[in-house]
Amino acid sequence: MFELFSGLDPWVVVSLLLALGFVLAFEFINGFHDTANAVATVIYTKAMPPHIAVISSGIFNFLGVLLGGVGVAYAIVHLLPVELLINVNTGHGLAMVFSLLAAAIVWNLGTWYFGIPASSSHTLIGSILGVGLTNALITNIPLADGINWKKAIDIALSLLISPTAGFLLAGLLLLLLKRLMPLSKMHKTPENRRSNDGKKHPPFWNRLVLVISAMAVSFVHGSNDGQKGIGLIMLVLIGIVPAKFVLDLNSTTYQIERTRDATIHLRQFYQRNANTLSDYLALGRNNGTELPKHFRCDPKTTEPTIGALLLALDGVKDYRDMTPDTRVQVRRYLLCLDDTAKKVGKLPQVPNREKADLDNLRKDLTATTEYAPFWVILAVASALGVGTMVGWKRVVLTVGEKIGKQGMTYAQGMCAQIIAAASIGFANIFSLPVSTTHVLSSGVAGTMVANRSGLQGGTVRNILMAWVLTLPATIGLSALLFWLATLVL
């Protein structure tokens, strides 16, 4: 880790440390902001003592980050247009990162202070969108190209569908349990069990399910939300010290060979489908012309980009043998070829079988650009895990008592947590960021409706207001901060 500071100017070192501190602060706040949702039911139902619950949740969040991969991390990164990712300089990168993180941290702290289960995912995504749109205005890029709208729509759908599914599925699961076991003690609230049975804790099997499902929510929360911090740190590192992080310098010779082979196969793929792709890619019309000096991604420059990449990779066994400028160029080539391949894969004239081949080629192309050093994963895991153990009380009370007009039963807690863990785990498979807050609180609301407990209008309104306002508020705040930062620079 420490070698990344070698050879850097003092102001760059200070800026880098501040930027990394901001990301880890965001993940720390994310820990105590979102983990309250993960342990709310298990604490409220007395299935676990609060201090044991939050420590256990912190451990499982930590493990979730370590074992979760980087798919969601780069789904977040690719909200920004590829042109911004390939042309970012140190000053621009600093302004971008500080603006979006400051906006996200301010909103997260504000909603936590008022005990509102707002979404850290929405907060971060809104901040990224604000930066992307402002960058488009500043650089005279059309707003349609200011952010990756396709990726934004995919993420928006996942953020919309997941709480809706949580609401419906948790309610249906509770109705099923009530039908199969109508007289079970799982349908009592902690208050009922204490006053009627004289017992403080849930029945053994209910308690076991509550504990296991709470830890499952914590694990999938770490593997989903923790990756967002990983993506942010990679943005910081690539923007501030590109020579050391634009490519994975620990890539083996085999991995570099795979990248070269994927490039060759990509060229063969386009030649094989020349009849349908000739106009779109301007195949055979480049005649060896050079790439434009101001690098940008254009499908019509695909052939010279492939040629330039193969030339740069010729005979390379170790990325460290390349000059820093060449590494930056190689990353640009790879990102642009991946971006074009993604667009080609959506063309209706390309057969489904060929699209499957193209998806596999894209994975090999980006294998050495979509990565994260172990120390980055460890730092984010630690920040999220420690944050988990702080500040959980405010949101626990909201989830346990203030969503419904009656207290939560053991069965309701079980249903909400099981569905939340399954929904977030499913999203992880497809590398889609979702909101633990939204999924779990929606699941609780769904069980309240299914149980005919009613919903508390004031709390539900506050939660919905936070959901509705988070995106526009963070877009506006990050846009303003980024605009001011660019004026200073």
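The model is predicted. The protein chain has 20 helices and zero strands. Of its 489 residues, 54% are buried. Among contacts with a separation of 6 or more, 83% join residues 24 or more positions apart. The chain exposes about 20700 Å², and carbon and sulfur atoms supply 65% of that area.

**Nonpolar cores**

- The largest nonpolar core has 84 residues, and Leu237, Tyr270, Leu277 and Val344 touch the most other members.
- Helix α9, residues 204-240, gives the most to this core, with nine residues.
- A second, separate core has twelve residues, including Ala47, Met48, Leu210 and Met414.
- Leucine 237 touches Leu16, Leu20, Pro242, Phe245, Trp375 and Val376, leaving aside residues up to four places away in sequence.

- Glutamine 417 is part of helix α18, which covers residues 410-429.
- Its relative accessibility is 0%, so glutamine 417 counts as buried.
- Residues up to four places away in sequence aside, glutamine 417 touches Ala38, Thr41, Val42, Leu210, Ser213, Ala214, Val217 and Leu440.
- Helix α19 (residues 436-450) has 15 residues and reaches 21 Å from its first C-alpha to its last, close to the 21 Å expected at 1.5 Å a residue.
- This helix, α19, is mostly covered, with 14 of its 15 residues buried.

**Salt bridges**

- The count of salt bridges comes to seven.
- Glu257, Arg260 and Lys317 are linked in a network of salt bridges.
- In the bridge between glutamate 257 and arginine 260, the closest N and O atoms are 2.6 Å apart.
- These two residues are about one helical turn from each other because they are three residues apart in helix α11 (residues 253-272).
- An α-helix has 3.6 residues a turn, so residues three or four places apart point the same way.
- Glutamate 257 counts as partly exposed, at 24% relative accessibility, whereas arginine 260 counts as buried, at 11%.
- Glutamate 257 also meets lysine 317 in a salt bridge, at 3.5 Å from N to O.
- This pair links distant parts of the chain, 60 residues apart: glutamate 257 is in helix α11, and lysine 317 is in the loop between α13 (302-313) and α14 (324-344).
- Lysine 317 is partly exposed, with a relative accessible area of 46%.
- Glutamate 354 and arginine 272 form another salt bridge, with their closest N and O atoms 3.2 Å apart.
- Glutamate 354 lies in helix α15 (residues 352-365) and arginine 272 in helix α11, so this bridge ties together parts 82 residues apart in sequence.
- With a relative accessible area of 12%, glutamate 354 is buried.

**Surface patch**

- Ile55, Ile59, Phe60, Leu63, Leu67, Met389 and Val390 make a nonpolar surface patch of about 580 Å².
- One of these residues, isoleucine 59, is in helix α2 (residues 50-67).
- Isoleucine 59 has a relative accessible area of 45% and is therefore partly exposed.

How values were computed. Residues are numbered from 1 along each chain as its sequence is written. This is a predicted model: local features need pLDDT of at least 70, side-chain atom pairs count only at pLDDT 80 or more; totals for chains, interfaces and linings use all residues. Side-chain values use heavy atoms; hydrogens and water are left out. Patches are made of residues with over 30% relative accessible area and no salt bridge: like charges are joined within 9 Å, nonpolar side chains (Val, Leu, Ile, Met, Phe, Trp, Tyr) within 5 Å. Accessible areas come from the Shrake-Rupley method with a 1.4 Å probe; for residues, only the protein chains shown count as cover. A salt bridge is a side-chain nitrogen of Lys or Arg within 4 Å of a carboxyl oxygen of Asp or Glu. Helices (H or I, at least four residues) and strands (E, at least two) are DSSP runs, numbered from the N terminus. Buried means under 20% relative accessible area, exposed over 50%, partly exposed in between (1.4 Å probe, protein chains only). Contact means heavy atoms within 4.5 Å. A nonpolar core is a set of buried Ala, Val, Leu, Ile, Met, Phe, Trp, Tyr and Cys residues joined through side-chain atoms within 4.5 Å. The expected span of a helix is 1.5 Å times one less than its number of residues.
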